[in-house]
Amino acid sequence: RGLLHKQLAGERVIVVSNREPYFHLRKGDRVEVHRPASGLVTAVEPVMRACSGTWVAHGSGSADRETVDRHDRVRVPPDKPEYTLRRIWLTEEEEKGYYYGFANEGLWPLCHIAHVRPVFRTSDWEQYVRINQRFADAVVREADSEDPVVLVQDYHFALLPGMIRKALPKATIITFWHIPWPNPESFGICPWRKELLTGMLGSTILGFHTPYHCKNFLETVDRYLETRIEHESSTVFRRGQLTMVESYPISIQWPPPWQGTLPPVEQTREEILHELGLPPDHLLGIGVDRMDYTKGIPERFAAVERMFELHPEMAGRFTFVQIAAPSRSVLEEYQTFANRVHGMAERINARFARNGSPAIILKAEHHEPEEVNRYYRAAQVCMVTSLHDGMNLVAKEYVAAREDEQGVLVLSQFTGAAHELHEALIVNPYHVEQTAEALYQALTMPEYEQKERMRSMRALVRDFNVYRWAGRMLLDAARVRQRERLAMRIG
Ligand code: F6P
């Protein structure tokens, strides 16, 4: 954090994302502050606190407008203000086209291999272009110099780097793509592939979670645009603009914000079991996701069911708690998915609940991060079974929560996190038997082995924390700028 401060000394930093870090809800005559279930927010918020700039985001809470001044700005976090949140308001129609439509029915399934067909509508695309321009205009208004540092987040804003570059040619634009990047054939079905790629190449630095996503991106650019790519330095040259494409595995804050504020792990476990009406020696598993078809929740439930079939003595001794925050529920695909998840939980409970101990407890509602952390600490095993995921920060959060060096992580091989957390039990979530056996192995793993694995994963998350993620991107951006300056002098 200190290093980040130093790197940014005197710089004007603007972050842009669709999701806001805090949203406000009206409950009767009270206004409540919440934090969204978002990996992006988990990662970027501590960076923003460290560099106190301006965060531009879409105002999404029912009472958000009640909390801003007349310039649509608010200082956050609400209890200890450290930076400025500038909200952009969208109409229902704009949100439908830009966010639900092009971003979430088009780009989201396009980039994730989860066997859901992308939908591309011209009307959605037009809103996407309009809203990207609206955010670009807001960034330009927020910038009080000609060369601000702008951190663009995610697939909602593929066009933004190009738009900002046009208005502020000297800006340092660091774009991070939080989801996977597919191969050129898959990406090629998007009718606006050239526009998206061109927009992204307005960035100084373009970051992905893994080298594999970078490779896919460079191959896509090579296939569909006229550019020069220098593979040794992973740099794309296009119309006088240089973009460095690099992998920056995202992470979380370290030390974790709850360290020292929550009761000891043992006590938390007792409390949670009591709250759930389960006996003190009961075994718990935890899954924490948005209710999203990429997260492999049905595959996880199928593995829990299979584990009970293979090891019937576990029925009545083990309960799997699934926290599933409602997400994008306006979309039919998401409604159908949520119904399927609820149906599965009911069916499995009908088979394997014993003496008041359910097989699965499905908590399909929003939980604040502090509450989620209590569950991490109470659970012997955390299951992350995404069918495809850029990184998956739940995996890292679970590890960070276990200061007792106990607990086992079962982790899908299709997450970015699996490239780093080698001591997890790595599974293919499409393989039900294998995942079920990993779950059983986790529940019966000796303490010394849990300790060994957890200790090593904790060291990795501690060393490669979110400040390092941001710091590396900023350092690389400084290098690219230097290189551009020298190239111009020579030219
Ligand atoms: O990681 C992809 C992402 O869109 C992030 O921006 C965010 O963390 C998460 O998914 C949540 O999605 P949404 O903002 O649509 O609720």
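Reader: Which residues surround the ligand?

Author: Keep in mind that this is a predicted model. The ligand has Asn 18, Arg 19, Ser 38, Gly 39, Leu 40, Asp 154, His 178, Ile 179, Arg 290, Ser 327, Arg 328 and Gly 390 around it.

Reader: What makes up that shell around the ligand, by class?

Author: You get six polar, four charged and two nonpolar residues. Gly counts as polar here, and Gly 39 and Gly 390 are both in the shell.

Reader: Why is H9 called roughly perpendicular to H12?

Author: Helix H9 (residues 265-276) packs against helix H12 (residues 369-378) at about 105 degrees, and their axes are 8 Å apart. Angles from 65 to 115 degrees count as roughly perpendicular, so H9 and H12 get that label.

Reader: And which residues of H9 and H12 meet?

Author: From H9, they're Val 265, Thr 268, Arg 269 and Ile 272; from H12, Arg 374, Tyr 375, Arg 377 and Ala 378. By class, that contact has four nonpolar, three charged and one polar.

Reader: How do you know that S5 and S6 pair?

Author: Pairing takes at least two bridges, and four join S5 (residues 73-76) to S6 (residues 83-88). The two strands run antiparallel, with Val 74 opposite Leu 85 in S6. Six residues sit between S5 and S6 in this hairpin.

Reader: What makes the chain as compact as a globular protein of that length?

Author: The chain has 16 helices and 18 strands. Its radius of gyration is 23 Å, close to the 23 Å from the globule rule for 491 residues, so the chain is as compact as a globular protein of that length.

Technical notes. Residues numbered from 1 in each chain as written. Predicted model: local features only at pLDDT ≥ 70, side-chain atom pairs only at ≥ 80, totals over all residues. Axes fitted to C-alpha atoms, helices over the stretch in contact; angles between N-to-C directions. Parallel < 35°, antiparallel > 145°, perpendicular 65-115°, else oblique. Contact = placed C-beta atoms within 7 Å. Near = placed C-beta within 6 Å. Rg over C-alpha atoms; globule rule 2.2 N^0.38 Å.
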